[in-house]
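Subject: Structure handover

Hello,

Here is the structure for your work. My notes on it follow below.

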Amino acid sequence: MDASAVNKRASGRLRKQPEAHTSSPFSSSSKRKRDETDEVNAEGDREMPDDYESDDEEVEEEDGEPAEEELREQKKKARRAKPAASKRPTQKKTKVNGASLPYRSATEGARKRATKKGSARSAANAEAVGGLYAEVFGGSEAQDDVVGNWLKRFDADETVALAEIVNFILRCTGCEGEVSQHDIEDPDGMTNKLDDLRDEYQASNPTDYPLIAKGKAAGIFKQSLVGFFRSLVKAMAIKGVLYDNPILMENVQMWISTMSSAPDRSFRHTATLMALTIMTALCGVAREISEDSAKLSRQAETEKKKARVNQDRVKSIERNAKEKMRALETIEPMLKDWFDVVFIHRYRDVDPIIRRDCVAALGDWIVTMPDMFFDGQHLRYLGWVLSDTASTTRGEVIKQLHRVYKNKDLLGGLKTFTEKFRPRLVEVATTDAEISVRVSGIELLDQLRDSGLLEPDDVDAVGRMIFDSDARIRKTVAGFFAENVNDLSSSKIDDLGGLESLEESLPEAGDENNDTPRLEWLKYKSLAEMLGSYDADDNLPSQIERSKGDGGLALHLGSGDSRFSLAADALYEKLKEIKDWQALAGFLLLDNSDRNTNGVADDALLQFKTETVLAEKEEAILLEVLNASAKRALSGLAEQLKAPKTKLTARQREHLEEEQEEAARHLAGLVPKLLKKFGDVPSTAAAVLRVESVLSLPSLRDVPQDSVAYAARLDDVRKHFMSHGTDEVLAPASNAILHAKSYGELEDMTEEKIAALWEDVVSNLSELLNPATVAVRGALPYEELTALSNNLLRIVRLSSVSDCTPSLEDSSVTAAGGAGGEDYHGAIDYIIALIQRANPASGPTPDADEAALEDEIAARAAEAALFYLRWKIKAIISAVTTSNGPGVSMDDLELLATRRDAYVTNVQSALEARKPSEGVSLVLASSLLEMYTSAAILRDVKPRPGMSDDYTALVMAFTAELQTLILRVFAASEKGFAKLGGKKLEAGQLAREEEAEAVDDDPMSDPESDDDDDEQTHTQTQTQTQTSHRHEAKILATLLAEQKLCALTGKIIHALFADVLDAVPVRERLERNKSRLGPNFKEVVAYLDLEAAQKKGKKGKGRLRAVGKGKDKGAVVNGKGKGKVHPKSNAIVAEEEEVEDEIEDEGDDEEALRRRGLVDDDDELGPEREVDEAAVDGAHADEESVMGD
């Protein structure tokens, strides 16, 4: 066999020539040159064979459980061994030339290795193998004894002992072949021999090898293997073989280095590990020699300085020092040769495990032998591997750099390395795909920051991670960010004259007096400034957030705490000032007017007050910080109270309860004061209302409420609910109302306040409307249109948390003689009629702002009417199912059906009159789908005996005309997203021609806009900033278009499950571009496959039915499965360059759908969705179903 077949990864550098083995020691400095027949690639590495396969996947965990047969065997042996257990005399250390080997075995100095579960090979198997392998892994002897005995055999016959080492190495790779004494004595035939052994090994079709064995076996095997070679090198150094007989190490290096370049992973991995271990052990020996040499030199100098110099002692010390230096000069070339032959090639191996081991070993060498390895030539390898494709390897680099930067003595030599690779370190910390690597990277940059090795831009880049969406990242970066705040605060103190001067100027502040100036004010000001400077997304919609790593945009579908609250929560343990939420509230309540007055320039107190004045944005930020701080403090008290009774005494529990009650009372008293100061501005008013939500924590529901303060707080919420018209304030205000309903003892007061609020809202609506022009577009001025739109939003928000039917049906709001002769018997009739304002006016065309307001009014009216119909359906269900329910009269059903028909008629006329691509058409179509789906639940209602089921007349299916209108809107949304995202829709069908006529042209959605942008960039003088903003605007539009498409598709699927749409054509239309519009749309459409998954998987407590092609119409019913739901991301991320989706379809079984998050165990719906707790299946009316929005 050709020698080049084995050495295809060998180094192109000079290497020591393998000498023929002789029985007498000698040293050789000759280098081994590459054979002229070797094939070398452009990088000086041997090429891998074409059939070699390896990928850079994540390194699997090596810990696991041993096989069942192996466990049984071990238990039997343990039972047999128990009677024979007895104390054995301590074994003496093996003596080598009269010297005891001062090292411990791999089992922490145990004299006899006990049998371990999950070992690479059991003791019996190791004994069957025999030889040195049995001694190392058999467990009968400690490592130091094994090494000592082998060295004795080496003294007796070097050839036999060396063959034993080589065979041990082969056994460790999993190869059962052996070399003979003749092979050892013929180094020129080594390559051919290894070729034969590899071929023999591959013929056995191996599936794994000891180092990657399953379970704990690989870890135990690696531990023993590494321990043996470390012990061997140390023993060779103590005996002197390492220096006096270098032929031993040269022959070991020759065999190991050759195997480390083999194409077989088992040979290459095992040999590389051995080489790295030998180098690490050599570094340890060299370090000890270097320290001993330095110590001897100091002793010699000390002796020479004595009054009476002992020349003999000085000569003896100097002689020993020279011997140490000669030994060191012997080891250093060995280390260099090992490094050049093995490490230089294996640190870029195709196997990520080998690359990781190389990086870990290099870190050991740098720390152990900095004189040789701590330089730019060796540090650069760590920098290069920072860009490794495997996250485990990148993580190992960060770990080793932690060790290097932690050593203060090495910082001076790291400046050049840091300058070169700092951008990559920052990139890893901010944008790495693996969270654990990012966490380690942030911790490393924190070390660099403490050492003054980071630039201001780098500090800012890491600081912005405090807004990251991952809690682990926020928690890790909190310490880094807190130091930035402390530095900013310290600089402010220095500007004000220094700490001592400032402390003398400030008055003493008591614990209860939060109005007195204190140093903490500067910390609060610094915190607000820094959070504000790192947040630059004021112009983005509320549901859009920017990734703090790569700057991409993400659409968050779930609501929750603001990014400032999440950041403050992460900083809670790092900034002690945040924990004192009462002091923070006092700082926010200060009157800024007396802090801006003119005064003496050198008045330190006045300068301090001026410096701590907050801007409007900073006030909003600190209100969010107050929200997080108060929530953490009160939740912490609740957690302490939940402790077992055995951990808290009665006195401690009573004290905690009093503290919790006092904190809740204090916070309740702060909310009205905060609303009084910050209630005029929507952003700060919303922040204060979120602070109020802290009082609704489940742990505080049992805390007694002061009825007077509670009533005043509800009055404040009512006031701001009516004074603001933006969802920014109305959303937290409605949540506050919902939370107020949870206090049982104050329920009557809460209902009274809500009724008064409904009265205000309905009265405001009646004042804004004229029955003669209620449905006429363009009949109101701009100011009245704005007020009407805001009031409708209040109705929508209030309807989501309380029953709206009594207020909207109030007969006091009646009128006759509408534009079409209609009679209005309540506010709900006005609201239904307002939907007609979506129809284009026959008169002059209003301006764009007024037209947008008219559309907004129609859309919000449709949503408000939808809530009314849902509450009515919920009332019907309660009336016919409860034992003492009043039932439903035909007059009520007829009136509800009349309003339902008017709702459908108005929406249908608007959809026919407007283009399907317009926003109002999307809202109206979505509302209509939800109305039909909500009514379908009445099919499954089981009335009590004797009760009529006339209410089922409210259930309707879509007419052909309505279904066509819905699909037109869907097609327009589909095409609009496809244009923005650069997707290609299926072509060549008649329906597509209708869709093309239905969709109006949008410059933003022009598929050629990218090319046009590129041309304009070259032909016009546009700045880079303008280009970036335009590109980001397109990404934002794409995100919103995808969200709308997916939301509409979900509602259509719900309607299919409710059996109110024609299954076959609608399903066919939804699936037409299933794989063309991205993974998010594909996952939504995949819900159609739940029926097939349920039948195939045969799992779940209830039945899951979906509409199938060519089958009868069905519905979803109680799809509760036993399997664990795989968490899905709550964000749709827009990438800057869209590519064709190449996602393979997973199997349509239930397990695949569960992995994709498409089968839920339980659906917990909010109060406003109670009516949608089931979908209807006419054929299975006895089964409960779930149909959440």
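How many disulfides does the structure hold? The count is zero. Please keep in mind that this is a predicted model. For context, a disulfide is a covalent bond between the sulfur atoms of two cysteines.

Aromatic pairs

The count of aromatic pairs comes to 27. In one of them, the ring centres of W150 and F154 are 5.5 Å apart and the planes meet at 25 degrees; planes under 30 degrees apart count as stacked, so this pair is stacked. W150 and F154 both belong to helix 4 (residues 143–156), and because they are four residues apart there, about one helical turn separates them. W150 is buried, with 1% relative accessibility, and F154 is buried at 2%.

Another pair, Y347 with Y381, is edge-to-face, with 5.0 Å from centre to centre and 75 degrees between the planes. Y347 lies in the loop between helix 12 (311–346) and helix 13 (352–368), while Y381 lies in helix 15 (residues 376–385), so the pair ties together parts that are 34 residues apart in sequence. Y347 and Y381 are both buried. They also belong to a cluster linked by ring pairs, whose members are F339, F343, Y347, W365, F373, Y381 and W384.

A charge over a ring

The charged end of R449 sits over the ring of F480, at 5.6 Å from the ring centre.

N205 has a phi near 50 degrees, and its place is the loop between helix 7 (190–203) and helix 8 (217–239). D1059 has a phi near 65 degrees and is found in the loop between helix 42 (1024–1057) and helix 43 (1063–1070).

Is each of these residues buried or exposed? N205 has 62% relative accessibility, and because exposed means over 50%, N205 counts as exposed. D1059 has a relative accessible area of 18%, which is under the 20% cut-off, so D1059 is buried.

Regards

Methods:
Residues are numbered from 1 along each chain as its sequence is written. This is a predicted model: local features need pLDDT of at least 70, side-chain atom pairs count only at pLDDT 80 or more; totals for chains, interfaces and linings use all residues. Side-chain values use heavy atoms; hydrogens and water are left out. Helices (H or I, at least four residues) and strands (E, at least two) are DSSP runs, numbered from the N terminus. Buried means under 20% relative accessible area, exposed over 50%, partly exposed in between (1.4 Å probe, protein chains only). A disulfide is a pair of cysteine sulfur atoms within 2.5 Å. Rings of Phe, Tyr and Trp (its six-membered ring) pair if their centres lie within 6.5 Å; planes under 30 degrees apart count as stacked, over 60 as edge-to-face and the rest as tilted. A charge sits over a ring if NZ of Lys or CZ of Arg is within 6 Å of the ring centre and within 35 degrees of the ring normal.
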